[in-house]
Amino acid sequence: MTALGPGTWPPVPIRTERLVLRESGAGDRAVFVELFASPEVGIHVGGARPRAELERVVPEVPGRRPGLFVVELDGTMIGTVELNRRDADRRSRVRPDAGEVELGYLFLPEAWGYGYATEACAAALDWFAGAVPGEPVVLCTRTTNDRSMRLAAKLGFTEVLRFEEWGAEQWLGVWSPVAAAV
């Protein structure tokens, strides 16, 4: 797993009380298109993309890369959780000497408000803590995204800094497997 560290990708599917986190497959393509075309989701990720464009460019097996988990509820994809290494040249950093791993997630609007993002992100962070022991994870969100700010607090992220980017105030927090275990 070159993007995040040692280990094998994909991992065995991760099962939580209600969800399965797994590698993407061809049957997930329609939901990937829906996620990126959704105006409600797009508000938080720089805007929705045109569905026709997505139908042309989304590969048959979308999102198949180390660190990206499809989140499934009762056999149906409802979102994604990913752990991606950030570019070392980002000005919003915790570690000045290296690129950091950032937690990201997207869920269909009909899956919002049920705790699925918290459950899925917590499972991905637990997996990551075992795959890359001791490495912190960052999360960046707009301060006006109340749901994301609450999620960060529930998961144990602590604020590192606030900054202006993309025309809005951003919040950067860090999660440490050592701190989370206390």
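Asp74 sits in the loop between β3 and β4, in a predicted model where local features need pLDDT of at least 70, side-chain atom pairs count only at pLDDT 80 or more, and totals for chains, interfaces and linings use all residues. Residues are numbered from 1 along each chain as its sequence is written, and side-chain values use heavy atoms, with hydrogens and water left out. The protein chain holds six helices and eight strands, where helices (H or I, at least four residues) and strands (E, at least two) are DSSP runs numbered from the N terminus. From the N terminus on, these elements follow the order β-β-α-α-α-β-β-β-α-β-α-β-β-α.

- Asp74 has a phi near 50°, a positive value in a residue other than glycine, and belongs to the hairpin of β3 and β4, which has two residues between the strands.
- Most residues other than glycine have a negative phi.
- Asp74 is exposed, with a relative accessible area of 72%; here buried means under 20% relative accessible area, exposed over 50%, and partly exposed in between, with a 1.4 Å probe and protein chains only.
- Trp166 is found in the loop between β7 and β8, and in the hairpin of these strands, which has two residues between them, Trp166 takes a positive phi near 55°.

- Eight strands form an open sheet in the order β1-β2-β3-β4-β5-β6-β8-β7, with mixed pairing, where two strands pair if DSSP finds at least two bridges between them.
- The edges are taken by β1 (14–15) and β7, each with a single partner strand, so one side of each is left without a neighbour in the sheet.
- Strands β3 and β4 run antiparallel and are joined by six bridges, and Val70 has Thr80 in β4 as its bridge partner.
- Strands β4 and β5 are also antiparallel, joined by seven bridges, and the bridge partner of Glu82 in β5 is Gly104.
- Seven of the ten residues of β4 are buried, so this strand is largely enclosed by the rest of the structure.
- Strand β6 (residues 137–142) pairs with β8 in the antiparallel sense over six bridges, and Cys140 has Leu172 in β8 as its bridge partner.

- Helix α4 (residues 116–131) has 16 residues and reaches 22 Å from its first C-alpha to its last, close to the 22 Å expected at 1.5 Å a residue, the expected span being 1.5 Å times one less than the number of residues.
- This helix lies across β1, β2 (19–22), β3, β4, β5, β6 and β8, and runs at about 40° to β4; axes are lines fitted to C-alpha atoms, for helices over the stretch in contact, and angles run from 0 to 180 degrees between N-to-C directions.
- The buried residues of α4 include Tyr116, Glu119, Cys121, Leu125, Trp127 and Phe128.

**The largest pocket**

- About 1,400 Å³ of space lies in the largest pocket, a volume being the space filled by probe spheres set on grid points that are joined across faces, edges and corners.
- A pocket is, on a 1 Å grid over the protein atoms alone, an open set of points with protein on both sides within 12 Å along at least five of seven lines, and lining residues have an atom within 4 Å of a point.
- Of the 46 residues that line this pocket, the closest to its centre are His44, Val45, Gly104, Tyr105 and Leu106.
- The elements that give two or more residues to the lining are α1, β4, β5, α4, β6, α5 (146–155) and β8, and the largest share, six residues, comes from β5.

**The chain as a whole**

- Buried residues make up 46% of the 182 residues in the protein chain.
- Among contacts (heavy atoms within 4.5 Å) between residues at least 6 apart in sequence, 63% join residues at least 24 apart.

Technical notes:
1 Å grid on protein atoms, 1.4 Å probe; cavity = no way out; pocket = protein on both sides within 12 Å on 5 of 7 lines; lining within 4 Å.
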